[in-house]
Structure formats: C-alpha cells, structure tokens
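The sequence and structure are shown first.

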Amino acid sequence: MIFHPDIYERPAGEIARIRDRLLAETVDRAIARSPYYRETLASTGPVRTAADLALLPTTSKEALQARPDDFLAVPAREVAELVSTTGTTGSPVFIPMTRNDVERLSENERRGFSWMGAAPGMRFHLAATMDNLFVAGLAYHEGIRKVGATAIRVGVQPAQRHLDLLRALRPEGMVAVPSMMAALARLARDSGIDLRAVAPRKALLIGDAIRGADLASNALGRLIEDAWGSELFSTYGLTEAGAAFHECPAHRGLHSHPDILLAEVVDEAGRPLPPGDAGELLITTLQVEAMPLIRYRTGDITFAVPGDCPCGRGGMRIGPILGRKAHRLKIKGTTVYPKTIEDALVAIEGVENFVLVADTEPDGTDRLLVRVGTHRAGDSAFRDAVGEALLAKARVTPAIVLDSPAAVDALLYEGGRRKPRTFVDHRSPGSGDGFPR
Ligand SMILES: [Zn+2]
C-alpha cells in the first residue's frame, strides 16, 4: 500500500493519474480475487481511468447482503477485523478488514485530525463507541494514535459523565454525534453549567449533517456552535468503504482522499452528474484488500461541490448528505428529502419534537403529514407560522397537525424503539415517481 499524504498539493493532472492507477489496480484485483466481481465484470472492457468507471455496473447493498462471501478477496486467515453497518435497512452487512485495511482507515482519519490541527499533546474526548462492531470508534482511535494526539476513550456514557470528564480533563478536541452535543448543551443549560468554560476548541461531528446545501451551518450546527463556541468539523464516513470524507479549516464541503477512495455522484441510471447537481453517492474503494467495492451505491444523496476549495487542496469535495434516496418525496411536483424538512423544523422556536409520515395519494403521488409536538397545540397562528417556515426553507406545504410533545414522543418510539424514528414511510412500493425503494 502506498499512501500519498501530500496528494492534495499536487496538480490536478497528477492527482488524477495517481487515482486512475489505483483504480485500475482495484478493478484488476477485484476481478482476479472476488468471485462476485469476476462474474459481474467479466464482459466489461478494461478500466484505466475514472471515465471508464461509468461503464461498469453498480454494486448494491442487497448484493452485499445476499452474497457476502463472494466479495471476499483474501483468504480468511488474513482478516484482522470484522465490522458491521448498523443495519437500519434490512440485515446488517459484515465487512472484513485486513491489517492493511485497518492501516488505510488509520491514515484516512489521521488526515482528518491533522486538518483540525491535532498534534502530540492535544487531548481528544472520544464519544464514539469502540464495541458492537462499529467501525467509527476504531477509526477515530486509530487516527488519533497515528497523528500522535492523546485519546480519551469515553464512548457512549450518560451526559453527566461527559460533562464531568470535560471538566476534569479539559480536552482541546472532541469527537461526537451532533445530537449528543445538543443534548449536553441542554443539560448544561438546565443545570447552570457554563459549557463554554469546559468546551473543547474543536469538535469533529459524525453522523448527522451540520451543514446545509449552501455549505453553511444548518440549524443543528448553529445550535451547537452557539452553545459550545467550538469550531466544528463535519465528516461523512461509510462502514463499507472503510473511509470517510473530511472538512478542512475552510469548511467548504467534505474533501475526498483521492488515493483512498473514488467518489461519484450519479443520476438514477448511474450516469455521472455535473458538480452542483444532487444525486446518489457511489464509492469505489482504493487500496482495499479484504473487500474491494466498485461503484457501491451508498443510498445517500449529495452533490459534488463546484470549483476549488479556498484551502488549496485538490481532489473532489462533496456537500452534506441531503437525505436518503429511498426517502425522496415528490410533493405536488417538488422533490424534497425528509431531512430538509427536519432541518427546517429544528430551527422553529416552539417546536419540541416532530414526526413525518409519508403516504400515497389516490392518484399515486406522495403525500406528507408533519405532526409537530408543541406546548402551543391549540394555536392556529403557530401552525400557520410552521407552514410558512417549511415553505420558505423546504419549498413544500405538507399537512401540519399540532399535538402534545408526549403524543409525538409516543409515535417516535412506537413499538419500543430505542432510537426515535422521525420519518415513517407508508407509501405503497412503486408509487409516486416510480423510484425503487
Ligand atoms: Zn479545503
């Protein structure tokens, strides 16, 4: 494995040459070693550049779920780690990694931490779990080790424990999910703790997006910035890819690491879209040994950020994840993702919680009901204000019902769920715009 830590400083042509050489190696190796790719890529022509890639078939999560062993490209004795996706849709996928794959993961995260200014002596409060087959906790721990900083492995703990450790150890960096940062902010406020006095200077936020389509902080990002006063760095990682995209100090999109993975944004037919156009993110892993993936459909919607990053680093950048492809709604001709509506709702004063319910109209189009939990449930002027805010931010006018926060909570955790479900999809398969779900 040969990494190119300085790849971002090279001219665009040279970045493309390195990437294309690694891509050709990946495809050749996958055909030679992975039964799945030997079969699916048997009749395709040689792949020598990223442009050739568009001619190859895509790889679905369903294929990975159905035939996991056929993707393995190394003997079982070389597998050092097994990690898993969370399995929110269908059965989980187990991803084998060799020692070199773990090293690739470490290098990928080392770059993200180094862009945050991590250095020996800098302490990082790690609020990502190391257990339960999750790759994230391992990735951040490895990245911190490789950059030479100090890891504080807190993991998933009650909010008070986080605050106690922040106060006791005064870390300069933090890794957490945005909802946890928001929950800690609420606890600190309610218990009269001065959060800014113990807040780390920088935080790497994983999972949910903290930026909007304009790349500026969304409501959740602003809420965290206001409460913590920390500089936030967004990241998007994918278990199956064993890699992540990272924000640089310019905060103008998420950089890909061109010698570690190749990203494409495509339309429904798998054709590459121009920068700025939203479509599905496809990932081709570079330098992966155990389970190389070619044109893997992430199911996530984003766009390639047009133009160069002010930081001067070359290579592709993606925007925030706008939503899940399977959740896409078309309401009265307007395409919208539930996430856009959720981001708008979070910003409205008086909205305590909410659940979005999608259904199919008799004519086959999508219908959306937004049930808002609020202490102003009888206030029709408030309902109108919510409607206006959604029209302004999400360009749609769904049906809005006001309810008590407790009633909405009951829906969010229906069936004894551990994590709230904010989007309930009752649409009949194949309805609406005919998108496969
Ligand atoms: Zn940059």
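Helices (H or I, at least four residues) and strands (E, at least two) are DSSP runs, numbered from the N terminus. The model is predicted: local features need pLDDT of at least 70 and side-chain atom pairs count only at pLDDT 80 or more, while totals for chains, interfaces and linings use all residues. Residues are numbered from 1 along each chain as its sequence is written, and side-chain values use heavy atoms, with hydrogens and water left out.

**Pocket and cavity**

On a 1 Å grid over the protein atoms alone, a cavity is a set of points where a 1.4 Å probe fits but cannot get out, and a pocket is an open set with protein on both sides within 12 Å along at least five of seven lines; lining residues have an atom within 4 Å of a point. Points are joined across faces, edges and corners, and a volume is the space filled by probe spheres set on them.

In the second largest pocket, β10 gives the largest share of the lining, 5 residues. At least two lining residues each come from α1 (12-33), α3 (50-53) and β10 (261-266). The lining has 32 residues, and Arg19, Ala263, Gly315, Met316 and Arg317 lie nearest the centre of this pocket.

There is 1 cavity of 30 Å³ or more. Its lining includes Ile95, Pro96, Met97, Asp101 and Arg104. Two or more lining residues come from each of β2 (94-97) and α5 (99-115), and β2 gives the most, with 3 residues.

The table uses these classes: Ala, Val, Leu, Ile, Met, Phe, Trp, Tyr, Cys and Pro are nonpolar, Asp, Glu, Lys and Arg charged, and the others, Gly among them, polar.

| Space | Volume | Lining by class |
|---|---|---|
| Largest cavity | about 70 Å³ | 6 nonpolar, 1 polar, 3 charged residues |
| Second largest pocket | about 720 Å³ | 21 nonpolar, 5 polar, 6 charged residues |

**Zinc site**

Donors are N, O and S atoms within 2.8 Å of the metal (3.2 Å for Na, K and Ca); water is not among the atoms, so sites may look incomplete. Cys248 (SG), His255 (NE2), Cys309 (SG) and Cys311 (SG) coordinate the zinc ion at 2.1 to 2.2 Å. Their sequence spacing is C-x6-H-x53-C-x1-C. The site is tetrahedral, with angles of 105 to 112 degrees among the 4 donor atoms; four donors count as tetrahedral if all angles lie between 85 and 135 degrees.

Buried means under 20% relative accessible area, exposed over 50%, partly exposed in between (1.4 Å probe, protein chains only). Cys248 is buried at 0%, as His255 is at 0%, whereas Cys311 is partly exposed at 28%.

Note on methods: Tetrahedral: all angles 85-135°; square planar, octahedral: opposite > 155°, others 65-115°.
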